[in-house]
Amino acid sequence: MLRFTMTRAWQSVPTLFIVSGVVFILARLAPGDPVVLKLGSQALAPGNEQIVERMRSELGLDQPLVTQFLLWLRDLAHGDLGVSIHSGQSVGRILLDRLPATVQLMAATMLLALVVGIPLGVLAGARPDSWIDRGVTQLTALGLAVPMFWMALILILVVAVQWQILPPSGYVPLIEDPLESIKRTILPATALAVREGAIFAKFVRAEMRETLAQDYIRVARAKGLGSFGVVRHHALKSTMIPLITVIGVEVGVLMGGVVVVEQVFGWSGVGWQAVQALLNRDYAVVAGVVLMTGMVYVLVNLLVDLLYGLLDPRARAW
């Protein structure tokens, strides 16, 4: 297993470099000068041309694009993600400061989606063509059709503004005030969990129906095992194994949704930082966010492969 893990980790390195490099180059090809954005109106004032050129030289922006990319790769090989043009802070420090907020939001989202989606999928799959099955099917279709940002705005308008039950926005670290942090996590996690829960419910429903139609399930029923026992001891276990793969894929998709929802709720996580960096043409931060996102996605999928092999020895690749 250790050899398999090291091999997969090594194989992911070129992918991370290619993805980050493409984003690095595209960010620099975008219109707008980061020095002008940083200085604001002062950059256009007469006599400040030399200041602008000096800052561009200090940041390496006067170098050819290929040279900038090679210098970035050199620093990255030494574990240096660069310095933020906008704030002057280390990119690594910025990402580490923002990462706990995003991890908290994603963990709450996945927990909520699994707690709601799995039972709904099991109920619908265990009772095919019943009113429960039809109701869950309609709910999953609705959950997949509603955009995340629209759901976020509706939750703020109804729950936070009209009913005044929960705070509308803002992030509070869990270690500072656990109760307030949980209250502020509910709305953004719900906005993200609607789609994720619908996906899990739809997948579990389909897997449950297919599993319950297998011959060994008929044998179990013929031996006198009740419906609850069949679902608990046979169908549910067979359904959960492929569900792990879906969870791994959805973690990557969820990181894209976090960018939008964090903006709506003023949640100062990695997604929020990425948008701010794009607006400020903060190239180093943008490349760092993409690299970190790719590393998280690779790590999650590696864990999925390991868990899949542990739960089902027939599927082991190590």
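From the N terminus on, the elements of the chain run α-α-α-α-α-α-α-α-α-α-α-α. The model is predicted: local features need pLDDT of at least 70 and side-chain atom pairs count only at pLDDT 80 or more, while totals for chains, interfaces and linings use all residues. Residues are numbered from 1 along each chain as its sequence is written, and side-chain values use heavy atoms, with hydrogens and water left out.

**Whole chain**

Show the chain as a cartoon. Its secondary structure comes to twelve helices and zero strands. Helices (H or I, at least four residues) and strands (E, at least two) are DSSP runs, numbered from the N terminus. The C-alpha trace spans about 90 × 55 × 35 Å along its principal axes. Of the 318 residues, 41% are buried. Buried means under 20% relative accessible area, exposed means over 50%, and partly exposed lies in between (1.4 Å probe, protein chains only).

Contacts come next; a contact means heavy atoms within 4.5 Å. Among contacts in the chain with a separation of 6 or more, 73% are between residues 24 or more positions apart.

**Stop 1: helix H4**

Select residues 65-77, which form helix H4. The structure holds two aromatic pairs, and one of them is Phe69 with Trp72. Rings of Phe, Tyr and Trp (its six-membered ring) pair if their centres lie within 6.5 Å; planes under 30 degrees apart count as stacked, over 60 as edge-to-face and the rest as tilted. Here the ring centres are 6.0 Å apart and the planes are at 25 degrees, so the pair is stacked. Along the helix, Phe69 and Trp72 are three residues apart, about one turn. Phe69 is buried at 18% relative accessibility, and Trp72 is buried at 7%.

Now select Gln68, also found in H4. Is Gln68 buried or exposed? With a relative accessibility of 10%, Gln68 counts as buried. Leaving aside residues up to four places away in sequence, Gln68 touches Phe24, Arg28, Gly60, Leu61 and Gln63.

**Stop 2: H8 against H10**

Select helix H8 (178-212) and helix H10 (residues 227-265). Their axes are 8 Å apart and the packing angle is about 155 degrees. Axes are lines fitted to C-alpha atoms, for helices over the stretch in contact, and angles run from 0 to 180 degrees between N-to-C directions. Angles under 35 degrees count as roughly parallel, over 145 as roughly antiparallel, 65 to 115 as roughly perpendicular and the rest as oblique. H8 and H10 are therefore roughly antiparallel.

The crossing of H8 and H10 is right-handed. A crossing is left-handed if the near helix is turned anticlockwise from the far one by less than a right angle, and right-handed if clockwise. The residues of the contact of H8 with H10 comprise 24 nonpolar, four polar and four charged. In this scheme Ala, Val, Leu, Ile, Met, Phe, Trp, Tyr, Cys and Pro count as nonpolar, Asp, Glu, Lys and Arg as charged, and the others, Gly among them, as polar.

**Stop 3: H5 against H10**

Which residues meet here? On the H5 side they include Thr102, Leu105, Met106, Leu114 and Ala126. On the H10 side they include Val231, Leu243, Ile247, Val258 and Glu262. The residues of the contact of H5 with H10 divide into 16 nonpolar, two polar and one charged.

**Stop 4**

Asp129 is not a glycine, yet has a positive phi of about 65 degrees. Its relative accessibility is 57%, so Asp129 counts as exposed.

Then move to Gln164, in the loop between helix H7 (148-162) and H8. Gln164 has a positive phi of about 55 degrees, although it is not a glycine. Gln164 is exposed, with a relative accessible area of 64%.

**Stop 5: Val275**

Finish with helix H11 (residues 270-279), where Val275 is found. At 21% relative accessibility, Val275 counts as partly exposed. Which residues does Val275 touch, not counting residues up to four places away in sequence? They are Val259 and Gln263. Val275 and Val259 are 16 residues apart along the chain, and their C-alpha atoms are separated by 7.5 Å.
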